[in-house]
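Dear colleague,

A summary of the findings follows it.

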Amino acid sequence: MLEIKNLTKKFGEKIAVDNLSLKVEAGQICAFIGHNGAGKTTTLKAIAGIIEFDEGEIFVDGINIQKNSMEAKKVLAYLPDNPDLYEHLKGIDYLNFIADVFKVDKETRKKNIEEYAKRLQIYNDLKLPISSYSHGMKQKLALVSALIHKPKLLLLDEPFVGLDPISSHELKEIMNEFVKNGGAIFYSTHVLEVAEKICTHVAIIKQGKLVANGEMKKVRGLKSLESLFLELENE
Amino acid sequence: MNNLLTLTKIYIKQIFGRYLYGEKAKKRGLYKTVLLILALTALIEYSIASMIYMFALQLKEIKLQQFVLIYGLIISALFSIFIVSYEIPSHFYKAKDYENLASLPIQNWVVVSAKFLSGFLTALIYSLMFSLPTYVIYFIFNSVTVGGIIYALISLIFVPMFVMFISCIIGFIINYFSSKFKSKSIVNTILMFVFLGAIMAFSFTSSAGVLTNLFSSGECPLTIKIITPYIYFIFNAIYLNSFVYFLFFILINLAYLSLSILIVSLTYKKINSNMLISKSKVSNKPLNYEPKSQLKTLFNKEAKGFFGSSMWTLNGLVGPIMTIVFAIMFGVLLLESVEQLKMASSDDFTISITTSMFKIMYLGFTSVMVGTSVSTCTTISMEGKKFAILKQLPLSFKQIATAKILFSCAITLPFVFIGNIIFACFIPFDALFLLISFILPIISVLTFSVLGLVINLKYPKLNWNNEAEAVKQSLSLFVSMFSDMGIGAIPLVIYFALYETLFATLPLILTSLIFIVWFLIWLIVSLILLKNKGEKLYNKIIV
């Protein structure tokens with residue numbers, strides 16, 4: 001579902017992502033972990049087509065994001081770490097805006113919005129302007145908007161930050177259902193315990209370079225993910 | 001004290017730093033940037049000085065040249081109030097840093113003082129644009145005394161205090177009332193329009209009144225003594241070389257300063273806290289899931305963003321509203337001119353060419369005016385960090401650009417059309433002119449909207465702290481405004497330059513066609529720029 005080949009992204013002299021390659025197949029949840037500034041968000045933004053990159057190729061469901069970004073974007077959804085949404089819109093207006101962009105028909109959007117907004121406990125707030133939302137509510141709204149068009153690949157940047165325990169639990173359920181239905185999830189996180197529980201795969205990035213990647217059980221072996229991460233960081 | 005200095009430095013850097021340390025400035029180098037700023041300043045100062053000089057010459061003829069000081073300082077005050085009162089509200093009351101600063105152990109007065117100092121610096125720059133050449137011209141036409149020069153130099157720093165005082169009052173009233181309403185932004189926009197309209201109306205009437213009084217009595221008018229006593233005091237201090245008047249001048253300015261700080265200190269926290277409280281009520285209507293086309297939904301998003309920001313609305317609608325004012329102004333002037341020609345028993349041909357000249361002037365000035373405030377020159381900047389949303393969605397650049405350009409046209413053209421209808425009421429029915437007056441603005445507005453978008457893509461400002469940085473102080477706005485004014489003014493300049501030799505006898509249709517072709521050329525150039533450069537610039541923008 002997602003294939004990154006030799007991705008390199010520079011910001012001036014600084015190499016943010018250095019020759020990174022990895023794959024995430026349908027049915028997999030891959031945790032993308034690394035310290036602050038390691039290059040996680042840059043990688044996610046490059047996959048989502050938000051920033052251009054210097055070298056390498058990214059394929060989403062076999063579509064090259066650089067050569068055919070429109071088609072690639074149609075099958076993915078990206079949730080930023082700090083969702084800056086259109087504050088002057090109401091929650092429902094924002095969701096309709098996203099649904100319109102993805103050309104989601106009335107019945108499907110109604111069904112999906114109702115389902116996910118109710119599960120994430122934001123349905124009753126959809127008539128309010130986004131400017132009145134808390135960080136967690138914005139996060140939930142952005143999550144619903146990411147799921148409206150039933151993407152094949154979910155790119156989530158720190159999705160659990162700001163969520164209350166019930167919504168956190170619900171998000172884990174949603175993520176599991178999503179991959180069971182043939183989707184793939186690539187998400188960055190610092191919550192290693194959760195990643196260990198729900199992820200099938202893991203990728204660890206350090207100073208822009210991928211230092212570990214593969215099936216969760218194989219990568220961590222007998223250690224906990226936290227021990228492995230600390231070990232790699234101290235190397 | 002450390003906090004005050006640090007905060008002040010941050011705000012000053014925030015306002016002026018980008019001109020010296022921004023990406024473009026860094027590429028250009030500090031030396032070249034400073035030179036560029038100095039060259040631009042010299043150009044502006046020269047233009048203003050020329051205007052004041054012309055007025056001083058007129059005053060000299062009636063031996064009242066000393067009053068050029070009063071005239072210049074009134075213009076300086078009105079101009080600065082017009083600009084600063086528009087910026088101050090967002091500087092004090094809607095800044096994004098309120099919550100952050102409120103959570104820090106910094107006293108309220110420190111934050112207010114730091115904001116005041118940086119705001120004062122802005123007022124000082126605008127004020128100096130007029131006050132500095134005013135003093136220079138004054139001393140050219142009047143006797144120079146050491147005391148007078150010292151008073152003049154010191155007064156330059158004090159003159160903006162009145163501007164800050166008025167701006168703080170306006171900012172307080174607008175934000176105090178709008179913070180109490182559910183639709184804060186709409187109330188804010190309406191009040192801002194009311195105040196700016198009042199300032200403009202006051203500018204016209206007061207300057208006319210002051211001049212009439214000056215010419216008739218040869219004394220400093222009573223209005224000046226009552227409304228702007230600081231001008232009266234500094235005028236007498238310099239003209240009479242009087243220390244007592246200078247002392248009065250300093251004292252009254254210190255009073256303005258104290259009152260301004262007092263107003264903001266007492267209201268800063270309360271208004272900003274109110275701004276954070278949402279007064280929205282949940283309606284009972286069921287949720288609407290009606291689908292829209294991609295273009296329509298992008299257009300709606302643009303409209304809600306535009307009208308959701310009082311500053312953007314205000315900035316974007318000033319030009320279009322002015323076209324209606326122009327229509328009335330040119331209409332009245334045309335009627336008066338025709339009346340005078342008839343009284344002077346002029347022939348029909350003279351009346352006809354005068355009417356044609358007014359029609360062309362109306363079309364030309366309208367085109368210049370719409371170019372000064374197209375929404376596209378700030379539309380990318382106004383996306384701010386939300387720009388990432390557009391970039392991650394399966395939307396082509398063409399779709400995004402189309403929606404933004406269409407919206408710009410949609411908010412501008414209705415005003416121009418209303419202006420056309422109003423102007424048409426002043427002239428005998430002329431179907432051809434009416435047709436041209438509808439075609440030309442469509443082309444010019446489209447041109448300026450496309451060009452504005454290209455310029456904003458070239459100079460985006462996404463990491464702003466308050467909307468004024470994106471809407472009013474961005475490089476994109478200045479480049480766009482001056483380019484548009486240049487494009488709009490060139491055909492007018494040529495028209496007047498060649499009026500006697502060519503255009504006076506050329507039929508209206510041909511002259512209008514020249515205007516249309518001129519704008520069409522620029523439309524094609526702008527579209528080519530958008531097509532070839534726009535998407536590349538769009539893709540390069542990093543959020």
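Two residues are taken to be in contact when heavy atoms of theirs lie within 4.5 Å. On that basis, 36 residues of chain B are in contact with 39 residues of chain A. Please note that the model is a predicted one.

The interface may be described as follows. Between them, chain B and chain A bury about 3400 Å², of which 65% is on carbon and sulfur atoms. On the side of chain B, the most area is lost to chain A by B:Y289, B:Q392 and B:P394, which together account for 23% of what that side buries.

As to polar interactions, twelve residue pairs are in polar contact between chain B and chain A, with both residues at pLDDT 80 or more. The elements of chain B that give two or more residues to the side touching chain A are helix 13 (294-308), helix 17 (387-392) and helix 23 (508-540). Helix 13 of chain B supplies the largest share, seven residues. By type, the residues of this side of chain B comprise 14 nonpolar, twelve polar and ten charged. There are two salt bridges between the chains B and A; B:E290 and A:K106 meet in a salt bridge through their side chains, at 2.9 Å from N to O.

Within chain A, one residue was examined separately. A:T8 belongs to strand 1 (residues 2-11) of chain A, and A:T8 counts as buried because its relative accessibility is 5%, where the limit is under 20%. A polar atom of the A:T8 side chain lies 3.0 Å from the backbone nitrogen of A:N19.

With kind regards

Terms used: Residues are numbered from 1 along each chain as its sequence is written. Chains are lettered from A and ligands numbered from 1 in the order in which they are written. This is a predicted model: local features need pLDDT of at least 70, side-chain atom pairs count only at pLDDT 80 or more; totals for chains, interfaces and linings use all residues. Side-chain values use heavy atoms; hydrogens and water are left out. Buried area is the accessible area (1.4 Å probe) that two parts lose on being put together, summed over both. A salt bridge is a side-chain nitrogen of Lys or Arg within 4 Å of a carboxyl oxygen of Asp or Glu. A polar contact is a pair of N or O atoms within 3.5 Å; within protein, one must be able to donate a hydrogen and the other to accept it, and residues adjacent in sequence count only if both atoms are side-chain atoms. Helices (H or I, at least four residues) and strands (E, at least two) are DSSP runs, numbered from the N terminus. Ala, Val, Leu, Ile, Met, Phe, Trp, Tyr, Cys and Pro count as nonpolar, Asp, Glu, Lys and Arg as charged, and the others, Gly among them, as polar. Buried means under 20% relative accessible area, exposed over 50%, partly exposed in between (1.4 Å probe, protein chains only).
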